[in-house]
Amino acid sequence: MSPQSNDPAGWQPPAKNRRILLASRPSGEPSPENFRLVETEIPEPGPGQMLLRTIYLSLDPYMRGRMNAGPSYASPVEIGEVMVGQSVSEVVESDVPDYHPGDLVLAASGWQDYSLSDGAGTQKVDRSLGPISSALGLLGMPGLTAYAGLLNIGKPRPGETVVVAAAAGAVGSVVGQLAKIKGCRVVGIAGGQQKCRYVRDELGFDACLDHHQPELAERLKTACPNGIDIYFENVGGPILDAVLPLLNNFARIPVCGLIAHYNASEPPPGPDRVPLFMRAILTKRLTFRGFIVFDYASQYPEFITDMSGWLSEGRIKYREDVTDGLENAPRELIGLLKGKNFGKKVIRVNPDPQERQPV
Ligand code: NDP
């Protein structure tokens with residue numbers, strides 16, 4: 001079959017399906033050799049199925065975990081399978097009730113130009129809420145992660161001090177802005193002066209510290225004169241080491257991610273620090289609580305009402321880091337795990353229909 005273009009400017013959709021497969025499992029940092037780009041025919045939708053064309057593919061830190069074998073909260077990608085990922089896709093053909101060609105949907109399509117879906121797990125993208133790519137970031141999974149983790153576990157109260165790392169990224173940037181809306185003092189931690197300036201000057205955090213500069217622990221102590229009431233954990237590693245001594249009694253720590261450890265192939269060197277850690281939990285009566293965003297799927301309706309409202313009022317801002325071309329996804333995921341992205345990372349796999357069509 002050959003999918004038709006409805007693009008007045010004459011853009012032609014890809015005639016083959018490019019797919020990026022997991023070629024081998026990385027040990028430590030992934031490399032381009034762990035991925036393989038193949039070209040196949042465009043799949044034919046059967047009864048009750050629709051054919052989707054990927055527009056924006058989301059790249060997220062969890063993808064590194066799916067490249068490993070072994071148990072986790074989700075199954076790994078098998079060698080030779082297409083890499084997993086959520087996308088905003090366009091319906092090309094449909095035999096699924098209520099889905100029509102031209103509709104835009106959020107789908108678990110993976111790293112490829114075309115995918116088939118029976119509609120399970122997909123939802124339509126509401127173009128009135130913002131640019132369609134925001135359904136993968138602020139108005140999607142990362143935004144809900146920030147919202148649910150901070151409000152349900154962090155429980156921010158006015159005047160409290162909140163610290164969040166990866167503060168210029170998809171989750172951290174929303175955590176900090178939401179904490180400001182809740183009346184907190186907010187200190188971000190990010191990699192580099194440019195990210196820190198953005199976090200402070202554009203997003204309105206009270207302070208932002210560059211974790212690439214020395215003496216983070218001392219600088220964090222100065223930035224948090226009243227200690228830390230909520231530490232939204234995105235990173236682990238040396239940043240957690242700097243935070244721990246500053247936690248106040250009854251501090252809450254939503255454990256969202258540990259990106260500093262995702263490429264680790266063995267436990268960190270050094271003495272066993274679990275007893276010290278447990279002692280801090282006991283004596284300061286700390287609440288560490290891990291969560292996965294789908295634990296809070298039922299809060300999606302109130303999240304989308306609140307977040308789209310704050311977005312339209314200008315109270316929440318976001319930044320996307322968009323790269324063109326499916327073939328660049330491996331390089332960009334490798335970079336994301338080292339802080340090369342600046343904002344929510346998305347790959348524009350095919351042109352955005354909103355840009356293709358005349359206004
Ligand atoms: P980001 O957009 O923030 O991108 C990742 C950022 O992590 C990088 O830009 C970099 O920022 C930072 N980083 C990478 N390596 C290190 C390191 N070694 N030390 C310190 N910082 C590092 O990603 P997301 O906002 O999508 O994700 C943030 C965290 O939230 C991740 O840990 C992710 O796994 C987790 N997450 C968890 C979910 C859940 O359901 N529990 C759902 C979604 C995300 P910088 O340059 O500023 O250091």
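Q: What is the volume of the second largest pocket?
A: In this predicted model, the second largest pocket has a volume of about 590 Å³, counted as the space filled by probe spheres set on grid points. Residues are numbered from 1 along each chain, local features need pLDDT of at least 70 and side-chain atom pairs 80 or more, while totals for linings use all residues. Side-chain values use heavy atoms, without hydrogens and water.

Q: What makes a residue part of the lining, and which lie closest to the pocket's centre?
A: A lining residue has an atom within 4 Å of a pocket point (1 Å grid, 1.4 Å probe, protein on both sides within 12 Å along at least five of seven lines). The second largest pocket has 22 such residues, and Leu240, Asp241, Leu244, Arg273 and Phe277 are closest to its centre. The lining divides into 13 nonpolar, four polar and five charged residues, where Asp, Glu, Lys and Arg count as charged.

Q: Why is the ligand said to lie between domain 1 and domain 2?
A: Domain 1 (17–137 + 319–356) and domain 2 (142–301 + 303–310) both give residues to the shell around the ligand, so the ligand lies between them. The domain bounds come from an automatic or database assignment. The shell's residues divide into 17 nonpolar, nine polar and one charged.
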